[in-house]
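Let's take a friendly walk through one model, with its helices, cores and aromatic rings as our topics. Please have the sequence and the 3D view open side by side.

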Amino acid sequence: MDTIVQAYIEQGSPASFRKAVERIYATSQGLTTDKQFQLTLLSRLMKLLYPLERVDWTVPSYRHDNVYLTALTEIEEGRYPQSLGSSVFLDAVIPAMILTKGIGVHEYGRALEKRLFTARSLNPASVLPFYLLGTLYELSGNLADAEDYYQIAWEQDSSCYPVGMRFAALSLLRDNIEIACEIAEQLYARYPDAVAIQFLLAESYIDKGELEQAGILIDRLMKQNGDQNNVMFLRIRLHIKKKEYLVASSLLDEIAKKNKVEKDYLLLRSRVLWEWSRNTGEAKKCLERAEALYPRAADVILACANFCFETKNTINGKNTNAFIDALLTQSPRNILAIRLLVKQDIANQYWENAFERAQYLYSSNPSEEDIILYARVCAGMNNWTEAVNVAQAAYTASRAPSDEIITLYLQALYGAKKYDMLNSVIASHLPIARSSLKSVLIYYEALLESNDDERLVLLRSSLLSDPRSSLTLFALYEWYFRHKDYRKASYYLQQVLAFDPENKRYLSLADQLEKLQTKF
């Protein structure tokens with residue numbers, strides 16, 4: 001075999017396969033038996049490894065026996081080829097291609113790993129060992145190593161689109177949305193009609209908050225594959241993101257008529273039950289079923305961790321820490337797990353632990369949530385200067401900062417006693433604010449009010465804008481407690497407790513208040 005053709009074949013990407021074909025046709029007139037074999041091998045490899053790529057060269061009718069072609073036939077039929085050795089690159093790597101069928105891990109995992117390490121040492125320039133090692137580790141649940149190998153393969157040769165797809169998908173699981181979206185957009189430009197890539201890009205847009213663009217892609221997917229559950233689940237995710245819970249619930253009811261045990265159904269149903277109706281018991285049942293059926297699925301583990309943290313419940317006897325440990329075992333750099341640890345540290349006021357973790361999240365391409373958590377930790381440590389600096393940078397970085405960033409900035413300014421700046425921010429947003437933000441703005445306006453009766457008027461106005469505002473409800477409790485109206489103080493504190501029933505501080509205050517009511 002021509003050594004250059006062999007190098008291109010071994011490199012193993014769509015781009016290198018095409019270079020091999022060009023070289024075969026360019027080197028001489030006519031097709032020898034050897035060249036017919038090479039063209040046949042290239043077409044079989046392309047179809048197996050890169051089904052979205054067209055085989056746009058003439059494939060000869062090659063009918064001779066060949067160990068590589070026989071091995072590929074076995075793989076296509078779902079059988080592990082055992083006739084090849086591992087002293088030559090293609091011998092070592094071809095059997096591992098069975099991983100592209102999603103099989104072979106449990107029976108041959110160690111043997112496949114050994115083959116791929118051998119192949120990597122025989123030809124470090126090839127993308128195939130990294131592609132297939134990523135697949136092996138992902139199928140084994142080792143998401144950290146899988147992501148690393150996919151990233152190496154993608155950076156080595158971006159024409160190898162499957163590794164780009166999987167790298168982007170695993171990046172989404174770790175909330176690395178910018179990378180996922182960038183890759184998905186590249187792939188969509190290359191394969192605009194590929195349903196799997198449309199789906200990946202729509203997922204990326206939902207997570208990024210670009211809901212209009214996500215909606216356009218989902219509408220297209222619905223027209224092409226509207227009867228498929230995965231497309232319907234994507235549509236439901238979009239409705240939940242837009243807080244259109246009634247529509248989401250109706251669509252879930254339709255799916256439930258056919259199947260109530262799909263992973264996505266259980267996860268999305270639990271979200272609607274918890275986020276919309278606050279039905280903790282039914283949401284817990286959905287997650288317990290999901291965890292029992294899909295115990296190693298990263299999205300199930302994360303959903304259980306978040307639910308346990310928010311509700312102080314357990315799922316099948318496991319608490320928040322058990323699920324966080326499971327996530328970090330799969331991927332030690334899992335940003336979502338680390339973020340949840342920061343929230344736990346904040347809730348427990350473990351400020352040193354919280355600062356170390358929050359600083360890690362903030363130091364590398366932080367999301368809005370990472371910025372908010374870092375500023376909250378700084379505030380908790382009474383480092384109001386840093387809290388203001390962080391919040392102000394986020395606030396001024398956008399012409400239209402989010403409600404969450406505005407709220408963070410208000411908190412930091414109030415804590416730092418920068419009251420003039422606080423008044424200015426309130427005045428600039430109050431006339432156009434939506435109800436939830438309006439409630440926060442009026443709440444801080446109330447805190448600045450020196451007249452006690454006027455403060456009460458403002459707090460009531462804040463509560464009218466958002467009856468579920470824990471900030472305002474607690475401020476009303478404090479107002480009535482100071483004025484020794486313990487019955488009304490209890491009324492507002494009980495509402496605060498309804499949103500956070502396990503909060504030790506609130507429980508202690510409720511106990512203190514009950515004793516005072518008994519006394520008076």
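This is a predicted model: local features need pLDDT of at least 70, side-chain atom pairs count only at pLDDT 80 or more; totals for chains, interfaces and linings use all residues.

Residues are numbered from 1 along each chain as its sequence is written, and side-chain values use heavy atoms, with hydrogens and water left out.

**Helix H19 and its cover**

Let's begin with H19, which spans residues 335-348. Helices here are DSSP runs (H or I, at least four residues), numbered from the N terminus. H19 has 14 residues and reaches 20 Å from its first C-alpha to its last, close to the 20 Å expected at 1.5 Å a residue; the expected span is 1.5 Å times one less than the number of residues.

Is H19 largely enclosed or open? Because 11 of its 14 residues are buried, H19 is largely enclosed by the rest of the structure. Buried means under 20% relative accessible area, exposed over 50%, and partly exposed in between, with a 1.4 Å probe and protein chains only. Among the buried residues of H19 are Ile335, Leu336, Arg339, Gln344 and Asp345. Their cover includes H9 (161-173), H17 (298-311), H18 (320-330), H20 (351-363) and H21 (368-380).

At its start, a side-chain oxygen of Asn334 comes to within 2.9 Å of the backbone nitrogen of Leu336. Just after H19, Gln349 adopts a positive phi of about 60 degrees.

Helix H20 holds Tyr360, which counts as partly exposed at 42% relative accessibility. Not counting residues up to four places away in sequence, Tyr360 touches Arg333 and Ile338, where contact means heavy atoms within 4.5 Å.

**Nonpolar cores**

A nonpolar core is a set of buried Ala, Val, Leu, Ile, Met, Phe, Trp, Tyr and Cys residues joined through side-chain atoms within 4.5 Å. The largest one has 122 residues, and those with the most contacts inside it are Leu41, Tyr50, Val93, Ile94, Met97 and Ile236. H17 gives the most to this core, with nine residues. Apart from it lies another core of 62 residues, including Ile335, Tyr374, Leu476 and Val496. Back at Ile236, contacts beyond its neighbours within four places in sequence are with Ala248, Leu251, Leu252, Ile255 and Leu268.

**Aromatic rings**

The structure holds 23 aromatic pairs. Rings of Phe, Tyr and Trp (its six-membered ring) pair if their centres lie within 6.5 Å; planes under 30 degrees apart count as stacked, over 60 as edge-to-face and the rest as tilted. Two of these pairs are set out here.

| Pair | Centres | Planes | Class |
|---|---|---|---|
| Phe474 and Tyr506 | 5.5 Å apart | at 40 degrees | tilted |
| Trp479 and Tyr480 | 5.1 Å apart | at 75 degrees | edge-to-face |

Phe474 in H27 (residues 470-482) and Tyr506 in H29 (residues 504-519) are 32 residues apart, and their pair links distant parts of the chain. Phe474 is buried at 9% relative accessibility, and Tyr506 is buried at 15%. In the other pair, Trp479 is buried at 7% and Tyr480 at 4%.

Elsewhere, Phe17, Tyr50, Tyr131, Tyr161 and Tyr191 form one aromatic cluster. The charged end of Arg278 sits over the ring of Trp274, 4.3 Å from its centre. Likewise, the charged end of Lys312 sits over the ring of Phe309, 5.4 Å from its centre. A charge sits over a ring if NZ of Lys or CZ of Arg is within 6 Å of the ring centre and within 35 degrees of the ring normal.

Methods. Helices (H or I, at least four residues) and strands (E, at least two) are DSSP runs, numbered from the N terminus. A polar contact is a pair of N or O atoms within 3.5 Å; within protein, one must be able to donate a hydrogen and the other to accept it, and residues adjacent in sequence count only if both atoms are side-chain atoms.
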